[in-house]
Amino acid sequence: MGPMTDPTTDTDDIHFYFDPVCPFAWMTSKWVRMVQAQRDYAVDFRFISLRLLNAHIDYAAHFPPEYEAGHTAGLRLLRAAASVRAEHGRAVIGPLYEAFGTRIFDSHTGTYLVDNRDFRGTADFLGPILEQLGLPDHHLAALDDVSFDAEIQAETDEALALTGRDVGTPIIHFEPPTGVAFFGPVISRLPDADGALELWDHVIGLARFPGFAELKRSLREKPQLKAFGVDVDEVGTSEDWHAGSRRTKH
């Protein structure tokens, strides 16, 4: 495994912690990119692993059948991302995450499970993305390289230290290291350009209020993503994501 890069930069406006298989992190990242383009924010995309976050949970007893395979695929992709970051720098993670999310959520329908294994965590999935970005294929070996897990765990712990542990993905840290941090916001629809800035200013304003902790509802619309069968001009059906997921036991 290559050496870890410096985890802090003086020029970041936003640290965005993502797991590549989380659809709501992907929706929020698309919104953040809209804000970034208009405000000229510097965004550093960082790692948080749902598989490591839920390492203490019996998946078979608590989650629908596909969750463990999906979260494991996310961890495998984060290993590859850590390998890419170590060799090519932090700036490439934004385009890499964008390529992950576009292929997973905006270009795919149906299941990713093949013989109880999630295709997203395979070389067949990652290879074309590396080629698209002009990255060498030796990063495919990182999918199975557990030596990257300590780095991913450390970054997951870094994110949770900002918010507390009873959260999911994404986590946003605005104006680090001393600015506000929060889980979410969880959104299922993308606003227009003006609405994106309005939503951002409201979220940051609320998060900056001293003593503010939580504003939440567990009902979520299916996000406007091809992977969920919801077109951009449709409203997805609502589901109860109690405890931040579709866990079957709590």
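pLDDT is the predictor's confidence in each residue, on a scale from 0 to 100. This is a predicted model, so colour it by that score. The chain averages a pLDDT of 89, and 92% of the residues score at least 70.

Select residues 1–8. Here pLDDT stays under 50. The model has 13 contacts beyond four places in sequence for this stretch.

Now turn to charged pairs. The structure holds 14 salt bridges.

Select Asp 149 and Arg 79. Their side chains form a salt bridge, 2.7 Å from N to O. Asp 149 sits in helix H7 (residues 149–163) and Arg 79 in helix H4 (residues 67–88), so the pair ties together parts 70 residues apart in sequence. Asp 149 is buried, at 16% relative accessibility. Arg 79 is buried too, at 9%.

Next, select Glu 155 and Arg 85. The closest N and O atoms of this salt bridge are 3.0 Å apart. Glu 155 belongs to helix H7 and Arg 85 to helix H4, so this pair also ties together parts 70 residues apart. Glu 155 counts as buried at 4% relative accessibility, and Arg 85 at 1%.

Move to Glu 175 and Arg 208. Their salt bridge spans 2.8 Å, N to O. Glu 175 is in the loop between strand E5 (171–174) and strand E6 (181–183), while Arg 208 is in helix H8 (residues 193–208). Glu 175 is partly exposed at 38% relative accessibility. Arg 208 is partly exposed at 44%.

Last stop: select Asp 44, Arg 46, Arg 90 and Glu 158. A network of salt bridges links them.

Definitions and conventions
Residues numbered from 1 in each chain as written. Predicted model: local features only at pLDDT ≥ 70, side-chain atom pairs only at ≥ 80, totals over all residues. Heavy atoms only, no water. Contact = heavy atoms within 4.5 Å. Salt bridge = Lys/Arg side-chain N within 4 Å of Asp/Glu carboxyl O. Helix = DSSP H or I, 4+ residues; strand = E, 2+ residues; numbered from the N terminus. Buried < 20%, exposed > 50% of the residue type's maximum accessible area, 1.4 Å probe, protein only.
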